[in-house]
Amino acid sequence: MSQKNNLLGFGYRHLVRPAAFLFDPQTTHEVFTNLGEKLENHPQLLSPFFQFSSPQLKKTVLGVEFANPVGLAAGFDYNGHLARTMKYTGFGFNTVGTVTAHASPGNAGPQLTRLPQAQAIWVNKGFKSDGAVAVAKRLDQKNLIDHTIGLSVGASNVPAVNTVAKAIDDYLFTFNTFKDKSYVKYFELNISCPNVNLTGIFTKPENFENLLKAIMELKINQPIFIKMPSGIESATSDTLIKTALAHNISGFIFSNLLKTTGQTGGLSGRPVFPRAKRLITHTRQEFGHTVTLIGLGGIFSPIEAKEYLNTGADLIQLITGLIYEGPQLPAQICEYLAGQIN
């Protein structure tokens, strides 16, 4: 590992993180988001420190070109403020969202809680979103040429969206808003967030089938990845995958937040890793190369990233590892993976 990345990681863990963790997570997130957006037109201030480039890391997955296999997961840049910036911090792709049709402030109470001993974050945002139209207007104004941007789509977490039919219409509005945007290279269909009112409704096969039928009628050209629940049983997961494949959707993300017992919200970070890894292993064995898989959850070093790839993931995504380990983590992973190829 390069001395530069080691020094950046050491400085973050011993200087930046202790200071940042003095403030509540939402405040810290807003500070870094505001700073990151201000730097979006100044890649020279970020790229020399945080990017690692190697032609060996380039991948084409479902027709989309990725500069490297390390992506920023949905949930960090949920309103698109950092869509342009994240490329300069070493990511090969980054997902905006989850975006919903209606604007929503998210759930009441703390929306983020750090759990350092578990290397986790309890997430209870509840699809906090500026709404599809506002996010589209923001992204339209950014120069996203040569950026690999995805969009995560969810059903609005508002009282009016309280039935399956209304939720399907809600999904369709956001897909319609973005399907013709050239900067959206792929979509994520979030059916598994554990902190919204309709949690679990679209992991029921009949509802999932109806949702996919409606989405297919939109004739979306970009590939779609289904974001799967962490706690799903293998048999149920297999049923949903077979349904998706029947509708020409072959991308899946394992996995979303780990649902906590007795309360709204879910855990990100280390607790997700074992279950997500098992689901990826099972899915690759069961479906072979008919599916494309993204490994998500608990990546804090190049070792976890490589474990996901070794068990069958085509790409990986992270957020929590970035928060605990520092912004040099994507470059560290890329440098390690390039070394493994050599």
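Buried residues, meaning those under 20% relative accessible area with a 1.4 Å probe and protein chains only, make up 59% of the 342 residues in the protein. The structure is a predicted model, in which local features need pLDDT of at least 70, side-chain atom pairs count only at pLDDT 80 or more, and totals for chains, interfaces and linings use all residues. Residues are numbered from 1 along each chain as its sequence is written, and side-chain values use heavy atoms, with hydrogens and water left out.

## Overall form

The protein has eleven helices and 14 strands; helices (H or I, at least four residues) and strands (E, at least two) are DSSP runs, numbered from the N terminus. Its radius of gyration is 19 Å, close to the 20 Å that the globule rule gives for 342 residues, so the protein is as compact as a globular protein of that length. This radius is taken over C-alpha atoms, and the globule rule is 2.2 Å times the number of residues to the power 0.38. The C-alpha trace spans about 55 × 40 × 40 Å along the principal axes. Of the contacts with a separation of 6 or more, 74% are between residues 24 or more positions apart; a contact means heavy atoms within 4.5 Å. The accessible surface comes to about 14,200 Å², and 56% of that surface belongs to carbon and sulfur atoms. Accessible areas come from the Shrake-Rupley method with a 1.4 Å probe.

In helix H4 (residues 132–140), the buried residues are Ala132, Val135, Ala136 and Leu139. These residues cover an arc of only 100 degrees around the axis, which puts them on the same side of H4; the arc is that of the directions from the helix axis to the C-beta atoms. Val133 and Lys137, which are exposed (over 50% relative accessible area), sit on the face of H4 turned away from its buried side. The cover over the buried residues of H4 includes strand S4 (93–99), strand S7 (149–153) and H5.

Helix H6 (residues 205–216) has twelve residues and reaches 16 Å from its first C-alpha to its last, close to the 16 Å expected at 1.5 Å a residue. That expected span is 1.5 Å times one less than the number of residues. Asn207, Phe208, Leu211, Leu212, Ala214 and Ile215 are buried in H6. Seen down the axis of H6, the buried residues fall within an arc of 160 degrees, so they line one face of the helix. Helix H5 (164–178), strand S8 (184–190), strand S9 (224–227) and helix H7 (234–246) are among the elements that cover them.

Thr98 lies in strand S4 and is buried, with a relative accessible area of 7%. Leaving aside neighbours within four places in sequence, its contacts include Ala74, Tyr78, Phe127 and Gly154. Gln222 is placed in the loop between H6 and S9 and is also buried, with a relative accessible area of 11%. Not counting residues up to four places away in sequence, Gln222 touches residues including Phe178, Lys181 and Phe187.

The table gives polar contacts of both side chains. A polar contact is a pair of N or O atoms within 3.5 Å; within protein, one must be able to donate a hydrogen and the other to accept it, and residues adjacent in sequence count only if both atoms are side-chain atoms.

| Side chain | Partner | Distance |
|---|---|---|
| Thr98 | Ser152 side chain | 2.7 Å |
| Thr98 | Asn190 side chain | 3.2 Å |
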